[in-house]
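Hi there,

Here is the structure I promised to pass on. My notes on its pockets follow below.

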Amino acid sequence: MTPHHTESTPHRPAALPHPWRRPEVSGRWWPVFLRNLLVWRKLAIPSLVGNIAEPLMWLVAFGYGMGALVGQLQVNGQPVPYILFLASGSICMSAMNAASFEALYSAFSRMHVQKTWDGIMNAPVSLDNIVLAEMLWAAFKALFTVTAILGVMLALGISHSPKLLVAWPVLLGVGVMFSSIALIFNALAKGYDFFTYYFTLVLTPMMFLSGVFFPREQLPPLVRHISDWLPLTNAVELVRPLFMDQWPANPLRHALVLVVTTLVAFQLALVLTRKRFAG
């Protein structure tokens with residue numbers, strides 16, 4: 001009797017999940033966020049001083065110094081003191097910078113240098129939840145910074161508009177957006193020097209083209225059309241009227257630009273981070 005032989009099927013390794021899959025997040029981001037908060041709490045005061053010192057120097061030097069020379073500007077047909085014009089733009093710039101620094105240098109240290117992310121993933125916390133936690137943490141740091149700056153502006157009497165209560169959640173959204181963008185470059189970086197390109201080639205031109213320091217009407221028409229779609233421009237267009245005790249002219253358009261930019265940037269940051277950890 002001839003024994004029956006069966007041909008064994010070779011074992012094939014399971015295919016890796018596709019990096020472009022939709023975000024797989026849950027409430028497990030919260031312990032990662034809380035961990036960052038507990039570590040930062042020990043350095044909260046020095047961090048606060050460092051984050052608000054530079055924007056306040058910009059405000060004092062340009063707002064009061066150059067403001068004495070410029071006087072008032074016309075914004076939407078209304079005369080506005082230059083220091084109010086500058087304050088309403090520079091606080092958006094502060095949210096951008098604070099979120100970017102945290103989502104670049106601090107997140108890169110935890111991801112690449114200290115290997116904190118690897119340790120967290122030994123627990124039942126996915127990479128997607130870690131990226132979400134880092135994005136929200138950077139946005140929180142930006143909100144903390146702009147809240148302190150808002151307090152100083154109120155103390156200086158720059159604006160007492162009750163509509164500043166609406167500006168506060170808008171600035172949180174600005175922090176979320178720029179932290180999502182920064183996490184893209186965090187995923188691509190091989191070292192800290194890489195971030196110089198982002199600040200020099202992306203953030204600095206955006207600061208000067210988004211109406212922070214001077215009205216965008218001064219720009220050439222082509223440059224202004226490009227400026228219309230910059231993330232910082234749309235943030236300033238939402239926040240500045242609130243400082244002037246007015247409502248934004250096109251809030252839905254500006255808000256849509258911020259939301260779409262955030263969603264696209266966060267998805268791209270997830271994809272690049274997944275590829276980095278899969279490689």
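Which elements each supply at least two residues of the lining of the second largest pocket? They are β1 (72-75) and α9 (231-243), where helices (H or I, at least four residues) and strands (E, at least two) are DSSP runs, numbered from the N terminus.

Before the rest, two notes on the basis. This is a predicted model, in which local features need pLDDT of at least 70 and side-chain atom pairs count only at pLDDT 80 or more, while totals for chains, interfaces and linings use all residues. Residues are numbered from 1 along each chain as its sequence is written, and side-chain values use heavy atoms, with hydrogens and water left out.

A pocket here is an open set of points on a 1 Å grid over the protein atoms alone, where a 1.4 Å probe fits, with protein on both sides within 12 Å along at least five of seven lines; lining residues have an atom within 4 Å of a point.

Staying with the second largest pocket, its space is about 370 Å³, the volume being that filled by probe spheres set on the points, which are joined across faces, edges and corners. Among its 20 lining residues, Val75, Asn76, Arg216, Glu217 and Glu237 lie nearest the centre. α9 gives the most to this lining, with four residues.

The largest pocket holds about 640 Å³ of space. It has 28 lining residues, and Asn51, Ala98, Phe101, Glu102 and Lys141 are the closest to its centre. The largest share of that lining, nine residues, comes from α3.

Enjoy exploring!
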